[in-house]
Amino acid sequence: MEKNMDIILSVLQPLVANKIISPEELEQIKNLSCKDNNSNARLDSYKTIDETSEILHVDRKTIYNWIKQGKLTYSRISSKKVLIYESSIVQFIESNKNRAPDFKPCRSRETVRSQKQSTPRCDEVKQPERTASFKRRIRRRGASSKK
């Protein structure tokens, strides 16, 4: 990048000498190149899944889910190695700044009580009525155990 900027500046010098562009404009171009170098360095830095999960204080599975949802930009180096760009982490944090978390409000006690009443508990389930043959078998067992 530095070599390219030197070439560009060498091309622009005669334009400044011929007063086609002003020296101030040349300085602005130089300053733009410095800003670009910083942003490129930022894009080139990356974090692993573990590092990202530590930064964001979430589980590894959450990071993988965010990658699938397209919320984080990544590069797959191999079948087991995933690198996440720091710029995407910063962008993700900025996009979720001051946003309420996505969760459902808890149910009221009345809702919970009504749901409990609709489903019978084990001790509330009616036992089937015993048939005459079932009663005879129980009597026989009782009689055989007394002998």
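Start with the sheet: select strands S1, S3 and S2, which sit in that order in an open sheet with antiparallel pairing. Strands here are DSSP runs of E with at least two residues, helices are runs of H or I with at least four, and both are numbered from the N terminus. Two strands count as paired if DSSP finds at least two bridges between them. Strands of a sheet pair through backbone hydrogen bonds, either parallel or antiparallel. S1 and S2 are the edge strands, each with a single partner, so one side of each has no neighbour in the sheet. From one strand to the next, the twist averages 30°.

Before you go on, a word on what you're looking at: this is a predicted model, where local features need pLDDT of at least 70 and side-chain atom pairs count only at pLDDT 80 or more, while totals for chains, interfaces and linings use all residues. Residues are numbered from 1 along each chain as its sequence is written, and side-chain values use heavy atoms, leaving out hydrogens and water.

Next, select residues 46-48 and 82-85. These are S1 and S3, running antiparallel and joined by three bridges. Look for Thr48 opposite Leu83, and for Lys47 with its bridge partner Ile84.

Arg76 stands opposite Val82. How many residues lie between S2 and S3 in their hairpin? Five.

Go back to Lys47 and show its side chain together with that of Glu86: they meet in a salt bridge, 3.2 Å from N to O. The term means a side-chain nitrogen of Lys or Arg within 4 Å of a carboxyl oxygen of Asp or Glu. Lys47 is in strand S1 and Glu86 in helix H5, so the pair ties together parts that are 39 residues apart in sequence. The structure holds two salt bridges.

Time for the helices. Select H3 (residues 49-56) and H5 (residues 86-95), whose axes come within 12 Å and cross at roughly 25°. Axes are lines fitted to C-alpha atoms, for helices over the stretch in contact, and angles run from 0 to 180 degrees between N-to-C directions. That makes H3 roughly parallel to H5, since angles under 35 degrees count as roughly parallel, over 145 as roughly antiparallel, 65 to 115 as roughly perpendicular and the rest as oblique. Show Thr52, Ile55 and Leu56 of H3 with Ile89, Phe92 and Ile93 of H5 to see who makes the contact (heavy atoms within 4.5 Å).

Which residues of H4 does H3 meet? Colour Arg60, Ile63, Tyr64, Trp66 and Ile67; their partners in H3 are Ile49, Asp50, Thr52, Ser53 and Leu56.
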